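Visitor: I am new to protein models and would like to learn how to read one. Could you take me through some features step by step?

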Amino acid sequence: MVSTVDTHQALELANSGPQPIAAYLHVPFCYQRCGYCNFSLLADREDLHERFVQAVLVELSWMGSPQRVETIFLGGGTPSILNPRSMVRLLEALRQWLPLGGLTEWSIEANPRDVTESNLRLWRSLGINRISIGGQSFQDRKLKVLERDHTSLELLRAIELAAHHMPRVSVDLIFAAPGETLDEWRSDLQQVLACKIGHVSTYGLTFEKGARFYGELQRHKITRVDEQLELDMYNLAIDMLAAGGIEQYEISNFAASGQTCQHNQAYWNADRWWGFGPSAASYLGNTRSVNHRGTLQYLRRIEAGLSPIDEQDTLTQDQQCRERLVFGMRQRQGVHWEQIKTDFSESTLRAIQASLEHHISQGWIERVGQSVRLTRAGLVISDGLWHEYLTCK
Ligand code: SF4
């Protein structure tokens with residue numbers, strides 16, 4: 001039974017505001033769960049892969065007709081885990097339902113172990129042109145602490161192979177792992193620069209509820225690095241990567257000229273996007289929908305012809321304004337404040353403007369032309385600033 005209600009509703013929403021330009025697919029499988037991860041995924045469940053692909057095919061068909069997008073991002077989880085047969089089925093369906101329009105960026109997140117010559121050839125032949133490798137570190141000690149399932153040698157080999165086959169390569173790196181020193185982090189940055197790739201994403205290790213590391217931190221089984229050291233690591237990344245031609249363009253993202261991730265910019269610019277798979281969010285019209293987080297629940301609902309959507313909110317003008325400012329300011333170019341002032345009413349802007357003026361006076365935000373953006377001082381404390389914009393009255 002196909003849920004025609006969902007088909008009509010999704011299309012109606014997509015047509016009721018700015019057209020969606022991006023699509024995200026969450027592949028909820030990994031070989032094993034890393035200690036710091038609380039994402040929606042199942043480890044070591046190859047038996048469910050084909051069932052998942054079939055469910056995504058059904059979810060895609062509920063759009064009713066093919067929808068042009070400019071970017072597709074296969075994230076997870078570990079999308080590269082799918083075997084060639086499942087991958088071909090999935091990617092061909094994505095090509096059918098989401099024909100790429102102008103920018104044509106199609107990314108896949110990959111575990112270094114899956115970055116083989118034959119996989120790269122297959123992914124490339126099906127249209128993928130950007131790979132984001134979950135490397136996290138070039139040091140075996142740190143990889144063990146993070147409970148990664150690959151070695152530094154495997155990562156280096158994966159990057160080299162990927163650079164041969166993919167027009168664009170990105171690597172994720174984590175800093176502030178338990179016991180990590182500034183010199184160890186410097187060595188990771190030197191190694192990634194030596195790889196001569198065009199994009200790096202880097203994140204300080206977080207201890208999220210639901211991740212095993214969170215419980216271990218509470219029980220004092222592991223310790224987090226000193227706050228000042230973490231800030232020094234972040235600042236070192238900004239400076240070293242820039243010196244190597246990889247400029248910061250967002251709080252956690254760095255790119256050589258022309259290598260920024262177009263897909264993520266859709267989120268930061270508050271554009272519209274489709275989301276598929278467990279826990280994936282869509283933003284259509286002015287409505288944000290989030291699919292059920294549990295993979296089994298997602299599968300069962302789709303198989304029963306029921307909507308996978310768990311939560312749905314229509315954003316008010318006020319919420320849209322706040323989100324546009326907060327997500328926009330994640331980018332180093334900032335956000336076009338004069339445009340926001342034109343797009344929203346004075347009453348919506350009043351409280352936000354007061355927060356903005358306060359942060360400008362503190363030196364955390366600056367005006368540049370018609371835009372506002374984080375200063376270098378604001379960058380390192382940005383996590384603490386957003387709450388005020390999202391809740392100020
Ligand atoms: S960190 Fe990445 S590889 Fe590790 S469990 Fe989470 S999604 Fe999978």
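Guide: Gladly! Let's begin with the ligand, whose surroundings are C30, Q32, R33, C34, Y36, C37, F39, L41, G77, T78 and R148. Please keep in mind that this is a predicted model.

Visitor: How many residues of the shell around the ligand are nonpolar, polar and charged?

Guide: The shell divides into 6 nonpolar, 3 polar and 2 charged residues.

Visitor: G77 is on that list. Where does G77 lie?

Guide: G77 sits in the loop between β4 (69-76) and α3 (84-97). Its backbone deserves a look too, but here is the general idea to begin with: most residues other than glycine have a negative phi, and most peptide bonds are trans. In this model, the peptide bond from G76 to G77 is cis, and its omega is near 20°.

Visitor: Which residues other than glycine have a positive phi here?

Guide: Two cases to look at are Q136, with a phi near 75°, and E147, with a phi of about 65°. You will find Q136 in strand β6 (residues 130-136), while E147 belongs to the loop between α5 (140-145) and α6 (152-165).

Visitor: What does a buried residue with a polar side chain contact? Let's take H26.

Guide: H26 is found in strand β1 (residues 20-27). Its relative accessible area is 5%, so H26 is buried. A polar atom of the H26 side chain lies 2.8 Å from the backbone oxygen of S40. Leaving aside residues up to four places away in sequence, H26 touches several others, including F52, G76, G77, F276 and P278. Notice that G76 and G77 are the two residues joined by the cis peptide bond.

Visitor: What about K142: which side chain does K142 join in a polar contact?

Guide: The side chain of K142 has a polar contact of 2.8 Å with the side chain of E180. K142 lies in helix α5 and has a relative accessible area of 0%, so K142 is buried. Beyond residues up to four places away in sequence, the residues that K142 touches include Q136, F175, E180, W185 and D188. Q136 is the residue with the positive phi near 75°.

Visitor: How should I read a helix?

Guide: The general idea is that an α-helix has 3.6 residues a turn, so residues three or four places apart point the same way. Now try helix α12 (residues 317-329): it has 13 residues and spans 18 Å from its first C-alpha to its last, close to the 18 Å expected at 1.5 Å a residue. Its buried residues are Q320, C321, R322, E323, L325, V326, G328 and M329.

Visitor: And a sheet: in what order do the strands come?

Guide: Look for an open sheet of 3 strands, in the order β15-β17-β16, with antiparallel pairing. β15 (335-336) and β16 (365-368) are the edge strands, each pairing on one side only. Strand β17 (residues 371-374) and β16 pair in the antiparallel sense over 4 bridges, and R367 stands opposite V372 in β17.

How values were computed: Residues numbered from 1 in each chain as written. Predicted model: local features only at pLDDT ≥ 70, side-chain atom pairs only at ≥ 80, totals over all residues. Heavy atoms only, no water. Helix = DSSP H or I, 4+ residues; strand = E, 2+ residues; numbered from the N terminus. Expected span 1.5 Å × (residues − 1). Buried < 20%, exposed > 50% of the residue type's maximum accessible area, 1.4 Å probe, protein only. Pairing = 2+ DSSP bridges. Near = heavy atom within 4 Å. Nonpolar A, V, L, I, M, F, W, Y, C, P; charged D, E, K, R; others polar. Polar contact = N/O pair within 3.5 Å; in protein donor to acceptor, adjacent residues only side chain to side chain. Contact = heavy atoms within 4.5 Å.
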